[in-house]
Amino acid sequence: MRTAYSVETVRTAERSLMARLPEGALMQRAAAGLAAACADLLGRVYGSRVVLLVGSGDNGGDALYAGVRLARRGAGVTAVLLAPDRTHPGGLAALRRAGGSVADPGAAEEVIRRADLVVDGIVGIGGKGGLRPDAAPLAALAEQSRAVVVAVDLPSGVEADTGEVRGAAVRADLTVTFGTHKPGLLIDPAREYAGSVRLVDIGLDLPEEADLEALQHADVAALLPVPGAESDKYRRGVVGIAAGSARYPGAAVLAVAGALRGGAGAVRYVGPAGDAVIARFPETLVSDRGPAKAGRVQAWVVGPGAGDDAATVAEVLEADVPVLVDADGLRLADRDAVRGRTAPTLMTPHAGEAAALLGVSREEVEGARLTAVRELAARYGATVLLKGSTTLVADPAGGPVRVNATGTPWLATAGSGDVLSGLSGSLLAAGLSARDAGSVAAYLHGLAGRYAADGAPVGAHDVADAVPEAWRDVRG
């Protein structure tokens with residue numbers, strides 16, 4: 001499990017550790033890890049040209065001491081000081097003793113243009129609201145140069161706790177972060193600025209419960225429902241799909257595909273697209289009697305392609321089994337009905353749907369994804385899976401938000417979300433919690449998108465067909 005902690009939690013852990021260590025020891029640990037990462041990128045340190053963009057805080061101190069280590073190995077190191085009178089004094093003195101030089105910000109353009117590597121030590125994890133006007137041009141110069149850009153702990157200008165980017169920010173090729181991941185390194189839009197992320201262990205003692213967590217292969221494998229020798233279709237899970245309409249029969253087909261490929265023991269379909277579903281998946285149990293009379297199910301999926309069928313959505317929400325609400329169902333679902341449910345509910349909006357539910361703009365949701373998913377979960381009393389380049393899953397009771405980054409831009413294709421709905425529904429029917437079902441489905445869906453595309457355009461049906469390959473990969 002990859003975990004991320006808030007700035008406040010990290011600061012508390014750092015203070016506790018510093019009280020037990022000699023003065024400056026924690027900064028030296030961070031600088032050693034940063035210098036090692038920079039050396040790995042450079043390959044040949046001797047003779048390379050390194051520029052340090054140094055702010056006034058400990059972040060700048062980390063950069064200076066890393067520069068000391070690189071200078072001792074023969075690199076030409078130049079520090080550009082954004083706040084000369086507030087620069088870390090010990091780090092600056094050590095850099096000068098090691099043969100490093102200092103450049104005035106007015107000369108930054110030339111030294112950055114010639115650099116092989118630029119280290120961003122402008123702002124630490126407490127920064128808010130984008131870069132200041134004096135720092136923004138340096139970030140732009142670094143991005144335009146041929147140099148590799150390495151961010152210290154977090155790219156300057158992005159917000160550590162939320163992943164928001166509210167102004168100019170450094171775009172790094174590599175971020176070297178200390179002690180733990182910060183939420184902004186895992187959530188877009190900030191994640192896009194971080195590049196690759198390298199975690200350096202500096203010995204922090206962190207709480208058991210993180211603010212954010214990301215499942216890895218082993219975590220997903222442990223959650224996958226695998227049938228045993230005594231399994232039958234009900235033990236594997238029967239999922240009901242109430243989806244599709246005369247206008248959108250394909251949504252029903254794709255949701256059923258996701259459920260079947262996701263391991264459901266059986267799928268019961270209710271809706272006007274029965275002929276299309278049977279033509280593609282003859283094993284589907286089709287009913288025209290409505291959800292309440294369709295037969296036994298262990299979970300429902302409602303909403304994909306449903307049009308304006310509010311009655312079916314309301315009927316499904318009355319069921320005493322887990323329910324996934326997607327697409328048109330999100331618009332048609334009564335909030336009080338969702339909040340009043342006693343069985344788990346999983347809502348799966350994309351940014352536009354989330355914006356409509358929250359009464360804000362899509363841009364606001366996309367710029368503050370963590371805030372949006374938590375707010376939706378609280379408003380509806382439901383688990384919410386917010387789809388996007390990084391998918392987030394939040395529980396109404398709080399706790400760590402799950403983040404998934406296995407997705408690929410090739411998943412931005414019509415019907416892909418319908419497949420995810422069916423896949424999630426199959427996992428709900430198999431007995432996973434709403435949080436686990438959404439997290440595991442997002443992980444598998446992302447892998448399936450990668451396998452199906454392999455760098456080429458695909459359709460949603462290709463993604464569904466690749467789910468078993470993703471499943472096999474996870475289980476090893």
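1. A charge is said to sit over a ring if NZ of Lys or CZ of Arg is within 6 Å of the ring centre and within 35 degrees of the ring normal. Arg171 lies over the face of Tyr193 in this way, 4.0 Å from the ring centre. Arg296 is placed likewise over Tyr234, at 4.2 Å from the ring centre.

2. The model is predicted: local features need pLDDT of at least 70, side-chain atom pairs count only at pLDDT 80 or more, and totals for chains, interfaces and linings use all residues. Residues are numbered from 1 along each chain as its sequence is written, and side-chain values use heavy atoms, with hydrogens and water left out.

3. How many aromatic pairs does a search of the whole structure find? The count is 0. For this search, rings of Phe, Tyr and Trp (its six-membered ring) pair if their centres lie within 6.5 Å; planes under 30 degrees apart count as stacked, over 60 as edge-to-face and the rest as tilted.

4. Next, the open sheet. Helices (H or I, at least four residues) and strands (E, at least two) are DSSP runs, numbered from the N terminus, and two strands pair if DSSP finds at least two bridges between them. The open sheet has 11 strands in the order β1-β9-β18-β17-β16-β15-β14-β13-β10-β11-β12, and its pairing is mixed. At its edges stand β1 (2-4) and β12 (285-287), each of which pairs on one side only. From one strand to the next, the twist averages 20°.

5. Within that order, β9 (residues 212-214) and β18 (residues 401-404) pair in the parallel sense over 2 bridges. Glu213 has Arg402 in β18 as its bridge partner. Helix α12 (residues 310-317) packs on the sheet and touches β10 (238-242), β13 (299-302) and β14 (323-325). The direction of α12 makes about 160° with that of β13; axes are lines fitted to C-alpha atoms, for helices over the stretch in contact, and angles run from 0 to 180 degrees between N-to-C directions.

6. Pro322 is in the loop between α12 and β14. Is Pro322 buried or exposed? Its relative accessible area is 16%, so Pro322 is buried (buried means under 20% relative accessible area, exposed over 50%, partly exposed in between, with a 1.4 Å probe and protein chains only). Leaving aside neighbours within four places in sequence, Pro322 is in contact (heavy atoms within 4.5 Å) with Gln298, Ala299, Trp300, Arg341, Ala343, Pro344 and Leu428.

7. Why is strand β5 (residues 117-121) described as largely enclosed by the rest of the structure? The reason is that 5 of its 5 residues are buried. Both faces of β5 are covered: Leu117, Val119 and Gly121 are buried on one side, and Val118 and Asp120 on the other.

8. Strand β2 (residues 49-54) pairs with β5 in the parallel sense over 5 bridges, and Val54 stands opposite Gly121. β5 also pairs in the parallel sense with β6 (residues 148-152), over 4 bridges. Here Val118 stands opposite Val149, and Asp120 stands opposite Ala151. The chain crosses from β5 through helix α6 (residues 136-144) to β6, and this β-α-β crossover is right-handed. That term applies if, with the strands pointing away from the viewer, the path from the first strand over the helix to the second runs clockwise.

9. In β6, 4 of the 5 residues are buried, so this strand is also largely enclosed by the rest of the structure. β6 runs parallel to β7 and is joined to it by 3 bridges; Val150 stands opposite Leu174 in β7.

10. Some backbone details are worth checking by eye. A cis peptide bond joins Asp188 and Pro189, with omega about 10°; Pro189 is in the loop between β7 (174-178) and α7 (190-194). Asp153, in the loop between β6 and β7, has a positive phi near 75° without being a glycine. Asp153 counts as buried, at 7% relative accessibility. Ala327, in the loop between β14 and α13 (328-332), is not a glycine either and has a positive phi of about 50°. Ala327 is buried, with a relative accessible area of 18%.
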